[in-house]
Amino acid sequence: ADYTKAIAIEPDEINWYIWRADDFLEINDYANAIKDMNAAISLEPDNVQLYVNRSLIKKQNGDRAGAQTDDATVDSLRKKRIEELSTDLASDEYDLDLNKSMLSERANLFVLMDQFEKAIADWLTLSELAPEDSVEWYSRIGDVYKDFLKSDEKAVHYYTLAINSPADPDDYSKAMAHIERGAIRVAQGDIKAGCADYRTGQRVLQKEWTDMLYRDLPECAKNK
């Protein structure tokens with residue numbers, strides 16, 4: 001695609017700059033990639049992802065100081081957004097659906113800021129506000145305990161809550177909760193229960209995804 005022509009026609013469309021920056025990166029032209037990211041940021045100075053992208057480019061180009069500056073801006077913008085969401089949530093002026101959306105966004109931001117306990121608190125609130133969607137929130141809590149807080153016991157607890165939630169048995173998040181719980185159980189030596197979880201999740205996962213999981217866990221491949 002000729003993004004230069006597109007920019008000439010629509011100079012205020014940030015995607016043209018982002019996509020052209022990607023093209024420059026493919027040929028290791030970091031200087032022009034950064035120029036395009038600068039242009040995109042000038043159009044949307046509060047767009048966090050633009051600073052994330054530019055930081056990555058600067059790191060590739062060896063500009064550690066510049067990358068650190070962008071990373072600091074990312075943290076500042078995320079903190080600002082958390083404050084905005086917290087103010088709105090405290091106002092009681094919004095309906096349930098919007099509150100759910102804001103809580104979910106804030107929880108995700110807390111994870112990005114390594115404030116995991118606060119993220120968990122928001123997901124637990126969401127599970128109370130919308131128990132019909134609790135499979136998603138419990139699964140995310142399980143992921144945080146597994147990936148960041150390194151507590152297999154609590155991860156299994158929340159994956160089990162996700163599995164026992166009122167969601168459809170074929171729900172993707174429920175299937176993934178089986179997969180994650182199975183991985184932990186296999187790692188703990190409970191091959192039978194772990195592989196049983198994998199097989200339950202298998203029904204709703206694409207075959208190539210399931211095959212990859214079995215390759216990662218040869219114990220289950222041996223016990224199909």
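Lys150 is exposed, with a relative accessible area of 62%. This is a predicted model, so please take everything I say today as computed from that prediction. Lys150 sits in the loop between α8 and α9. What is its phi? Positive, about 55°, although Lys150 is not a glycine. For background, most residues other than glycine have a negative phi.

There is another case like this to show. Asn28 also has a positive phi, about 60°, and is not a glycine either. Where is Asn28 found? In the loop between α2, residues 14–26, and α3, residues 30–43. Asn28 counts as exposed because its relative accessibility is 52%, and the cut-off for exposed is over 50%.

Now to the inside. The largest nonpolar core has 30 residues. Which of them touch the most other members? Val111, Ala119, Trp123, Ile141, Val144 and Tyr145. As for where the core comes from, six helices each supply at least two residues: α5 (64–90), α6 (96–112), α7 (116–129), α8 (134–147), α9 (152–163) and α10 (172–187).

Take Val111 from that list. Leaving out residues up to four places away in sequence, Val111 touches Phe116, Ala119, Trp123, Val144 and Phe148. Ala119, Trp123 and Val144 are themselves among the core residues that touch the most other members.

In general, nonpolar side chains in soluble globular proteins tend to be buried together.

Key:
Residues numbered from 1 in each chain as written. Predicted model: local features only at pLDDT ≥ 70, side-chain atom pairs only at ≥ 80, totals over all residues. Heavy atoms only, no water. Core = buried A, V, L, I, M, F, W, Y, C linked by side-chain atoms within 4.5 Å. Buried < 20%, exposed > 50% of the residue type's maximum accessible area, 1.4 Å probe, protein only. Helix = DSSP H or I, 4+ residues; strand = E, 2+ residues; numbered from the N terminus. Contact = heavy atoms within 4.5 Å.
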